[in-house]
Amino acid sequence: MKKKKFINGINQEDILHVLRPSPIYALASVMPMLGGAVLSLYLAVLLNELLVFVSLIVAVVASYRYFYINTIRYTITKETITVRTGVIARKFNNLELFRVKDYIVRQSIFERIFRLMTVNLYTTDSSSPNLKFSGVPLSNVTETIRGLVQDARFNNRIFEIN
């Protein structure tokens, strides 16, 4: 008998897609903070040593934010989307696919240059009415999600009435 492998409590055989934000997106997200740290370090050299501590704190916060973005994982199975966040402590947010109502794909100029996208899922889930996949690689994952949503609604006998 073959032993099943689980990734974050999900059977590995059930996983269809695993998305994560691009490291380029993570770096671009913390660039303003890193610029502020460098500027305050420069001002500390000119004016006051107290600003050295400010620049170090800003650099630590920027580093933590970079690692936080890099540890985000969006795992898509036939029934759910699981969002894993956290660097030290982990948080898992599960969304049943039949709850997805609509989605929007957006691309800023930065995302278009680096072939990334942001996907917003609008749901009927009370804990996460808007689920956002930011800075993920450009793909046809929205068509996969759309098909899985239709299958999940059919399997759970859920029909939308407008």
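Reply: The discussion below treats the sheet and then the surface of this predicted model.

Me: In what order do the three strands of the open sheet stand, and in which sense do they pair?

Reply: Strands of a sheet pair through backbone hydrogen bonds, in either a parallel or an antiparallel manner. Here the order is 7-8-9 in an open sheet, with antiparallel pairing. Strand 7 (100–106) and strand 9 (130–137) each have a single partner strand and stand at the edges, so one side of each lacks a neighbour in the sheet. From one strand to the next, the twist averages 20°.

Me: How many bridges join strand 8 to strand 9?

Reply: Strand 8, residues 116–123, pairs with strand 9 over six bridges in the antiparallel sense. Asn-120 has Lys-132 of strand 9 as its bridge partner, and Leu-116 stands opposite Pro-137 in strand 9.

Me: Which strands does helix 4 lie across?

Reply: Helix 4 (residues 141–155) lies across strand 7, strand 8 and strand 9, and runs at about 175° to strand 7.

Me: Which residues form the nonpolar patch on the surface?

Reply: The patch consists of Leu-39, Tyr-42, Leu-43, Leu-46 and Leu-47, which together have about 540 Å² of accessible area. Leu-47 is in the loop between helix 1 (23–46) and helix 2 (50–70).

Me: Is Leu-47 buried or exposed?

Reply: A residue is called exposed at over 50% relative accessible area. Leu-47 counts as exposed because its relative accessibility is 66%.

Definitions and conventions. Residues are numbered from 1 along each chain as its sequence is written. This is a predicted model: local features need pLDDT of at least 70, side-chain atom pairs count only at pLDDT 80 or more; totals for chains, interfaces and linings use all residues. Side-chain values use heavy atoms; hydrogens and water are left out. Patches are made of residues with over 30% relative accessible area and no salt bridge: like charges are joined within 9 Å, nonpolar side chains (Val, Leu, Ile, Met, Phe, Trp, Tyr) within 5 Å. Accessible areas come from the Shrake-Rupley method with a 1.4 Å probe; for residues, only the protein chains shown count as cover. A salt bridge is a side-chain nitrogen of Lys or Arg within 4 Å of a carboxyl oxygen of Asp or Glu. Helices (H or I, at least four residues) and strands (E, at least two) are DSSP runs, numbered from the N terminus. Buried means under 20% relative accessible area, exposed over 50%, partly exposed in between (1.4 Å probe, protein chains only). Two strands pair if DSSP finds at least two bridges between them. Axes are lines fitted to C-alpha atoms, for helices over the stretch in contact, and angles run from 0 to 180 degrees between N-to-C directions. Contact means heavy atoms within 4.5 Å.
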